[in-house]
Amino acid sequence: MTATPEKHSEALPKRCRISARAEFQKVYAEGQRFDGRLMAAFLRKNEFGYHRLGLTASTKAVGKSVDRNRARRLLREVFRRSGTELAILQLNYDWVINAKRSLLNSNEELRFREFRKIVEQVARREREGDRGSSPTVRAGSTTASRSPR
């Protein structure tokens, strides 16, 4: 008789999720923005011993519910599988990641590369001591600018 292997969940633990609207609003209001072609990430330092993730995929940005659900699933996978990249950060953050339509047509390598680039920008900001006064940083640029909403 052979024993079945133990089931191991790879799901993002509930404690690592942001679900309350007030928490999303706090990250948007007080956090820093990092823009990419596939996603926009908003980060705010937290006092927990771990990173937390909130995801958005709006109808306007992504499309129908099937596409929005797929976009959130893809982003959740990128975040969950990027533990080693997140380990280089000195602080823990609340992450709110907004999906863009181009995410759906991208391959896995491109999604991970863009997320890695955002993490590197955050690490660079930590090393610089967060000297910049603006909370907005665009991917691929060295100047910070505040974008109206």
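Visitor: Is Tyr-50 buried, exposed or partly exposed?

Guide: Buried means under 20% relative accessible area, exposed over 50%, partly exposed in between (1.4 Å probe, protein chains only). Tyr-50 has 23% relative accessibility, so Tyr-50 counts as partly exposed. Phe-48, at 37%, is partly exposed too. This is a predicted model, where local features need pLDDT of at least 70 and side-chain atom pairs count only at pLDDT 80 or more, while totals for chains, interfaces and linings use all residues. Residues are numbered from 1 along each chain as its sequence is written, and side-chain values use heavy atoms, leaving out hydrogens and water.

Visitor: How many aromatic pairs are there?

Guide: A pair of aromatic rings is described by the distance of the centres and the angle of the planes. Rings of Phe, Tyr and Trp (its six-membered ring) pair if their centres lie within 6.5 Å; planes under 30 degrees apart are stacked, over 60 edge-to-face, the rest tilted. The count here is five. Phe-48 and Tyr-50 are stacked, with 5.5 Å between centres and 25° between planes. Phe-79 and Phe-115 have centres 6.1 Å apart and planes at 75°, so this pair is edge-to-face.

Visitor: Which helices hold Phe-79 and Phe-115?

Guide: Helices are DSSP runs (H or I, at least four residues), numbered from the N terminus. Phe-79 lies in α2 and Phe-115 in α4, 36 residues apart. Both residues are buried. With Trp-95, they form one aromatic cluster.

Visitor: Which residues of α2 meet α4?

Guide: Contact means heavy atoms within 4.5 Å. Leu-74, Glu-77, Val-78 and Phe-79 in α2 meet Glu-108, Arg-111, Phe-112 and Phe-115 in α4.

Technical notes
Helix = DSSP H or I, 4+ residues; strand = E, 2+ residues; numbered from the N terminus.
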